[in-house]
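Here is a short briefing to read alongside your viewer. Please have the sequence and the 3D view open together.

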Amino acid sequence: MLVTDKKQIDTYYKALLERDSRFTGIFYVGVKTTSIFCIATCRARKPKIKNVVFYTMYKEAMDAGFRPCKVCRPTENANEAPEPVSKAIELVRVNPKEKISDQVLRENNIAPEQVRRWFNLHYGMTFHAFQRMYRINNALIELKEGRSTIDTAMDAGYDSLSGFGYTCKKLLGSSPTQSAEKNRILISRLTTPLGPMFACATDAGLCLLEFVDRRMLETEFRDLQTRLTANIVSGENKHIKQTKIELDEYFSGERTMFNVTLDLPGTVFQKQVWDVLFSIPFGKTASYQQQAERLNNPKAVRAVASANGCNRVAIIVPCHRVIGKNGNLTGYGGGLERKRWLLEHENKVSLKLQQNEEIERDASQLDFTCLLN
């Protein structure tokens with residue numbers, strides 16, 4: 001959709017000038033003088049506001065005659081990792097016990113430099129560090145299942161037990177045997193139309209889902225590890241895989257409720273507040289005041305707002321459906337524009353479902369009338 005609201009245009013233009021990553025996937029800016037379109041974080045020279053138009057979908061920008069910018073590559077970086085990076089990640093997942101060297105990457109027509117830059121930018125670590133985490137995680141799973149330490153170390157590509165032990169202590173702070181006995185929080189990166197997210201899960205369920213540019217994300221990681229007495233390591237389990245599938249369905253308008261199992265450590269009050277969030281229907285909103293009243297504690301508005309802010313599972317635990325008493329959008333960890341987008345998305349899907357139900361009901365009544373005649 002072409003953005004025509006003056007206030008919205010000013011907000012988006014400011015985000016473009018500041019390269020605000022919270023607006024990744026929120027808008028696509030078409031530059032009239034060059035006929036290209038970009039995402040919010042583009043490093044290219046900024047055009048004047050009179051020379052730009054904003055769209056909510058990159059397909060709309062392309063339909064209007066704009067072509068993707070070669071600097072920010074909006075059709076890649078707004079959602080998916082670039083193809084070479086995806087291929088590199090797949091190599092690790094298919095071969096979790098092997099070292100994927102720069103030479104191996106080149107043999108697969110993958111530029112190591114591109115992979116390295118992307119991982120530093122999006123994961124805050126090198127590709128090789130990501131591999132080590134993945135291999136260690138795989139090894140810990142085998143140790144937990146009863147395999148011997150020496151067999152696990154050799155099979156994972158370590159030349160000695162000491163090397164295996166050193167890596168474990170460096171990454172996890174304890175020996176392989178001790179690490180295997182600890183809880184593990186697996187972390188994986190996933191892509192959405194609103195930008196990349198991190199998903200974390202224990203064996204018990206999904207415990208974190210946040211946009212990678214969320215403020216205080218590192219604090220959330222530390223708090224999660226403390227509360228669960230666990231280490232965060234790269235990897236996936238059934239809960240993360242299910243989350244990815246369900247999120248794709250949500251963003252495509254095919255899902256209004258999530259079924260993935262959750263593991264939400266928190267205080268008793270926080271859990272009560274989060275439970276109330278689930279009672280807000282898809283396509284609807286509620287105020288902090290209404291949330292407090294549902295807890296039979298109408299004076300606890302600020303405490304409720306604070307508990308909402310401590311929610312670590314965005315979208316699935318729908319704190320984005322809570323707005324101010326006056327109807328205005330209020331704080332959201334992923335940014336107000338993402339909150340606005342989510343609410344508009346749910347409203348559109350809800351209206352479409354309602355229209356489909358009315359059509360089906362009318363068709364049923366027509367069939368019944370025909371039978372009577």
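This is a predicted model: local features need pLDDT of at least 70, side-chain atom pairs count only at pLDDT 80 or more; totals for chains, interfaces and linings use all residues.

Residues are numbered from 1 along each chain as its sequence is written, and side-chain values use heavy atoms, with hydrogens and water left out.

**The annotated site**
- An unreviewed UniProt entry lists Cys-38, Cys-42, Cys-69 and Cys-72 under "binding site"; such annotations may be inferred rather than shown by experiment, and positions follow the numbering used here, with feature names shortened.

**Cys-38**
- Cys-38 sits in strand β2 (residues 36-38); strands (E, at least two residues) and helices (H or I, at least four) are DSSP runs numbered from the N terminus.
- Cys-38 is buried at 6% relative accessible area, where buried means under 20%, exposed over 50% and partly exposed in between (1.4 Å probe, protein chains only).
- Beyond its neighbours within four places in sequence, Cys-38 has contacts that include Phe-27, Cys-69 and Cys-72, a contact being heavy atoms within 4.5 Å.

**Cys-42**
- Cys-42 lies in the loop between β2 and β3 (52-55) and is buried, with a relative accessible area of 2%.
- Leaving out residues up to four places away in sequence, Cys-42 touches Arg-19, Cys-69, Val-71 and Cys-72.

**Helix α15**
- Val-304, Ala-307 and Asn-308 are buried in α15 (residues 301-309).
- The buried residues of α15 pack against α13 (268-277), α14 (288-294) and β10 (322-323).
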